[in-house]
Amino acid sequence: MRIPDTRGPISSALFAALSKAPDAATPELDGLYRLVAGQVAGTGDIIADEDIQLSLFCLYELHYSGLDGVSDAWEWEPALIRVRRLIEEPFEAALRAAARQAAGDADLAAGIAMTSDAVADVLFGLASMDTGPSVSRFVARKASLEQLKEFLIHKSVYQLKEADPHTWAIPRLTGRAKAALVEIQADEYGGGRPERMHSALFARTMRGLGLDDRYGAYVDTIPAVSLASVNLMSLCGLNRRLRGAITGHLAIYEMTSSQPNRFYGNGFRRHGFAADVTHYFDEHVEADAVHEQIAGRDLAGGLVEAEPKLLADVLFGATAVMAIDGRVSAHLLSSWEAGETSLRAAVPAAA
């Protein structure tokens, strides 16, 4: 991914450091650490902080496909990991607070029998509680062509690398949970056929609307709250101690995906788009109806049966994604209903 435009002092200092080799950037790293410590302490809402979320997103990208022109030696540079942890700790605290609010401050883990069926029942119950603003219904009934493009741009920052954050969990699981995750991910990656990878299907949808399908092409237009949604996945996927959270995240994703994707497909069909554009959504209607059972019972439930102490983290991952995606949905709908763009800038033309 190309290095995006800066959004404040942290991203400016970070990109300046990354322009050098790690062993030549000691002064920049020392200054970056002090800067981040001060800026993080002073932010009122870290989830919506443009500078912090962009910086964290780029720090995580070093563990995916990297940043254009940035040395791969930065990935595990200890001084840079220290900077990332300065952001991660308050970000995780904010996510946990949002998750508690999404759960109604109830102790969801209280009294749950440590069986896979019991865990799945709680997760399905959470999914049925997801009564936040419905972007899918708006897309199906009202969204303009420009709003459809904006919708795809918001989703592109994850969907063009779909499944990758959850794949980090595979070597951290064992037995039934590992097998379940591999089964789900095999479908996400097209069952061995690159043209059927869900990221490739999403790229085709973007091209069908005249959008640039290169990963990160629109990152400069994507607001902090949408970046935070992806950063939540990377935080849970890259930290082994949060393996329960990433399984809960994936389980609730699968459980709340099938019907919205039906609506999304209908919204694009309403504008005259055919199967080459809607295939991505239509594929998820069927696939996620199967995946939700595997994710709830075998993945999340199987993990808790094997490691009961991870139940609270499974529930944290599930409620955190509900909370953050609720914020993303509220942002989209409030912008569109006011006749405004939900992006930081108008949709740029495709390259």
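**Exercise 1.** Does aspartate 220 count as buried or exposed, and why?

*Solution.* Keep in mind that this is a predicted model. Start with the location: aspartate 220 sits in the loop that runs between α10 (198-208) and α11 (224-238). Next, take its relative accessibility, which is 17%. The cut-off for buried is under 20%, so aspartate 220 counts as buried at 17%.

**Exercise 2.** Work out which residues surround aspartate 220, leaving out those up to four places away in sequence.

*Solution.* Begin with the contacts: aspartate 220 touches Arg2, Pro4, Asp5, Arg7 and Arg344. Then zoom in on aspartate 5: its backbone nitrogen is 2.8 Å from a polar atom of the aspartate 220 side chain.

**Exercise 3.** Find the cavities of 30 Å³ or more in the whole structure and describe the lining of the largest cavity.

*Solution.* The search turns up two of them. The largest cavity has a volume of about 40 Å³. Its lining includes Ser156, Val157 and Leu160, along with Arg214, Tyr215, Gly216, Ala217, Tyr218, Val219 and Ile222. Sort that lining by class and you get seven nonpolar, two polar and one charged residues.

**Exercise 4.** Now do the second largest cavity: which helix gives the most to its lining?

*Solution.* The volume here is about 40 Å³. Around the second largest cavity you'll find Leu59, Leu62, His63, Trp74, Glu75, Leu80, Ile81 and Arg84. Helix α4 (residues 78-102) gives the most, with three residues. By class, the lining of the second largest cavity splits into five nonpolar, one polar and two charged residues.

Methods. Residues numbered from 1 in each chain as written. Predicted model: local features only at pLDDT ≥ 70, side-chain atom pairs only at ≥ 80, totals over all residues. Heavy atoms only, no water. Helix = DSSP H or I, 4+ residues; strand = E, 2+ residues; numbered from the N terminus. Buried < 20%, exposed > 50% of the residue type's maximum accessible area, 1.4 Å probe, protein only. Polar contact = N/O pair within 3.5 Å; in protein donor to acceptor, adjacent residues only side chain to side chain. Contact = heavy atoms within 4.5 Å. 1 Å grid on protein atoms, 1.4 Å probe; cavity = no way out; pocket = protein on both sides within 12 Å on 5 of 7 lines; lining within 4 Å. Points joined across faces, edges and corners; volume = space filled by probe spheres on them. Nonpolar A, V, L, I, M, F, W, Y, C, P; charged D, E, K, R; others polar.
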